[in-house]
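Me: I am new to this structure and would like a close look at a single part of it. Could you take me through that part and then show me what lies around it?

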Amino acid sequence: MLTLHCPHCGTLAAETELTAGGEAHLKRFGPGSDDDSFEGYLFMRENPKGVHFERWRHSYGCGKWFIAARCTATLEVFGTYPAQSSAPPQHIRDAITARRPGWGWRDLA
Amino acid sequence: MAEARAMDVVVAPAAPLGMITLRGDLAALAPVCAAVTGAAMPGVRKAEVSGGRGIVWMSSDEVLLLVAPADVAGALAQIGTALAGQHHLAVDVSDARAAFTLTGPAAREALGKLTPTDLRPTAFGPGDARRSHLGQVAAAFWMAQGGAVTVVCFRSVADYMLELLRVSVAAGPVGYA
Ligand SMILES: [Zn+2]
């Protein structure tokens, strides 16, 4: 079972308390953007074997959204941080680098 | 409804509670919460409840206020006056929720079989509150100083909750904690 630390209420939340919210850190392309950007925003998603960033909601707990950095292959969790973050904080990047040197995800590394 | 007794815990519907959901900046809400309930604003994942009155922490911007059922309307008016012009939400949820009590040394074990919440005595004790699920339904629960636990769930699943707690008790101890 996946267990994630909720950065809002501070508990370890079991997977059954959580709702998956898809890929994190999407950049919105709305009215006025070109077709390729809009298509990418709507449909194009990462599907990595390895480091991934996902949105999760502590739906049965405090109800707040947060982001988890984890490995899709081993289920190792590198860290979680509030959804009010436009990019992974440095300590999360450092934690990933410590475990997965040379990692990359979209334009992050 | 009759009480269920097995292990060393009694499950019963709680006495009627007046319940108000209050959302906003908790620091700004603290004075009126204290005025309405007589309790101090609880810390994160804590409950300040005694004698059916108090405050339960629900999230970083939400608390559950407990007052006598007859005092709910007055409390809402008092909150509305105190927080006039401030961004907040206050709703009487007394009829939307059902509450149950688990009394006895095995309350922790009866609950622990139903939720993924860490209920070890080192992680959850008197004064602690959690939101999680019991079986298939959402629930909030907190432990009083004497070890009794109050469970609150949506009234629409009250029958399920009572039977679930009774089954947990009737199934006997598993030696948890
Ligand atoms: Zn949470």
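Reply: Let's start with B:Asp128, which sits in the loop between helix H3 (107-112) and strand S9 of chain B; helices (H or I, at least four residues) and strands (E, at least two) are DSSP runs, numbered from the N terminus. This is a predicted model, in which local features need pLDDT of at least 70 and side-chain atom pairs count only at pLDDT 80 or more, while totals for chains, interfaces and linings use all residues. Residues are numbered from 1 along each chain as its sequence is written, chains are lettered from A and ligands numbered from 1 in the order in which they are written, and side-chain values use heavy atoms, with hydrogens and water left out.

B:Asp128 has a relative accessible area of 10%, so it counts as buried (under 20% relative accessible area; exposed is over 50%, partly exposed in between; 1.4 Å probe, protein chains only). Leaving aside neighbours within four places in sequence, B:Asp128 is in contact (heavy atoms within 4.5 Å) with B:Arg45, B:Lys46, B:Ala123, B:Phe141, B:Trp142 and B:Met143. With B:Lys46, B:Asp128 forms a salt bridge, the closest N and O atoms being 2.7 Å apart; the term means a side-chain nitrogen of Lys or Arg within 4 Å of a carboxyl oxygen of Asp or Glu. The side chains of these two residues are also joined by a polar contact of 2.7 Å. That term means a pair of N or O atoms within 3.5 Å; within protein, one must be able to donate a hydrogen and the other to accept it, and residues adjacent in sequence count only if both atoms are side-chain atoms.

Now for the domains. Chain B is assigned domain 1 (2-14 + 96-170) and domain 2 (18-95), with bounds that come from an automatic or database domain assignment. Their centres, taken over C-alpha atoms, are 22 Å apart. Domain 1 of chain B brings 11 residues to the contact and domain 2 of chain B brings 16. Between them the two domains bury about 1,100 Å², 54% of it on carbon and sulfur atoms; buried area is the accessible area (1.4 Å probe) that two parts lose on being put together, summed over both. B:Arg97, B:Arg131 and B:Trp142 supply 46% of the area that domain 1 of chain B buries against domain 2 of chain B, more than any other three residues.

The count between these domains is one salt bridge, along with seven residue pairs in polar contact (both at pLDDT 80 or more). On the side of domain 1 of chain B that touches domain 2 of chain B, S9 and S10 of chain B are the elements that give two or more residues, and S9(B) gives the most, with three.

Chain B also meets chain A. Here 17 residues come from chain B and 10 from chain A, and the area buried is about 950 Å², of which carbon and sulfur atoms give 51%. B:Arg45, B:Arg131 and B:His133 supply 42% of the area that chain B buries against chain A, more than any other three residues. Across this interface there is one salt bridge; A:Lys64 and B:Asp61 meet through their side chains in a salt bridge of 2.9 Å, N to O. On the side of chain B that touches chain A, S9(B) gives the most, with four residues.
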